[in-house]
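Hi,

Here is the structure I promised to pass on.

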Amino acid sequence: MSEDMKVTVIDHPLIQHKLTLMRQKDTGTKDFRELLEEIAMLMAYEITRDFPLKEIEIETPVAKCKAKVLEGKKVGVVPILRAGLGMLNGVVNMIPAARVGHVGMYRDPKTLKPVEYYCKLPNDVEERTLIVVDPMLATGGSASAALSLLKEKGAKSLILMCLVAAPEGIKVINEDHPDVPLYVAAIDEKLNEKGYIVPGLGDAGDRIFGTL
């Protein structure tokens, strides 16, 4: 991690292996979608590492004992449409009680600026830790706009989880939202003239939904 970037890279060997398979251009839609869901599950395991626990008394088949359970922290998962939907099930599989919101953002192909077109959230966002998911952090514009929108709606605790990030996008998130922890599976080299991550893995939405 570069000293001037505030980001956590989750470089577990299973994540790196699956990400390499996703990057390959001949990986089909079915495999791409399944790999993304699996990586999201593995990343969710890491980003919840510091969730608080409490001790309760239970009875095993052998004896009574004290054991730990999650303290009851309220969690929400907010995919940025449409590509973020590819990570949703992986996170919810790990945190089944999480509520789900949706934020629709697209990047204008000419200006590369984010445009909001949809927002539907749980009615208690101010009480929840919201895990915002989007596979690609390219210019950072859409993710930053989504985080700003969630804050306007009352969100107090946010985490951004992306698959692949460009340094340019990380810089934008760090500057616009220094209070939001950022987790990624890989930091790639740069953006090209079209705003795509290099080497990246292409358009994640198209590869998830087969709309190439």
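A quick definition before anything else: by contact I mean heavy atoms within 4.5 Å. This is a predicted model, so local features need pLDDT of at least 70 and side-chain atom pairs count only at pLDDT 80 or more, while totals for chains, interfaces and linings use all residues. Residues are numbered from 1 along each chain as its sequence is written, and side-chain values use heavy atoms, with hydrogens and water left out.

Let's start with isoleucine 197. Setting aside neighbours within four places in sequence, isoleucine 197 is in contact with Met136, Leu137, Ala138, Val164, Ala165, Ala166, Asp188, Lys190 and Leu191. Isoleucine 197 counts as buried because its relative accessibility is 8% (buried is under 20% relative accessible area, exposed over 50%, partly exposed in between, using a 1.4 Å probe and protein chains only). Isoleucine 197 sits in strand β15, residues 197-198 (strands are DSSP runs of E, at least two residues, and helices are runs of H or I, at least four, numbered from the N terminus).

UniProt, in an unreviewed entry, puts a "binding site" at Ile197, Gly202, Asp203 and Ala204; such annotations may be inferred rather than shown by experiment. Glycine 202, in the loop between β15 and α6, is partly exposed at 39%.

There is also an open, parallel sheet of 3 strands in the order β9-β11-β13, with β9 and β13 at the edges (strands pair if DSSP finds at least two bridges between them). Alanine 165 stands opposite isoleucine 187 in β13.

Next, the packing. The largest nonpolar core has 38 residues, and Val91, Met161, Leu163 and Leu201 touch the most other members. Helix α2 gives the largest share of this core, 8 residues. A second, separate core of 25 residues includes Met5, Leu137, Ala143 and Val184. (A core here is a set of buried Ala, Val, Leu, Ile, Met, Phe, Trp, Tyr and Cys residues joined through side-chain atoms within 4.5 Å.)

Last, the charges. I count 10 salt bridges, meaning a side-chain nitrogen of Lys or Arg within 4 Å of a carboxyl oxygen of Asp or Glu. Arginine 82 pairs with aspartate 206, the closest N and O atoms being 2.6 Å apart. That pair links distant parts of the chain, 124 residues apart: the loop between β4 and α3, and helix α6. Aspartate 206 counts as buried because its relative accessibility is 18%, whereas arginine 82 is partly exposed at 34%. Elsewhere, salt bridges link Lys74, Asp124, Glu127 and Arg128 in a network.

Cheers
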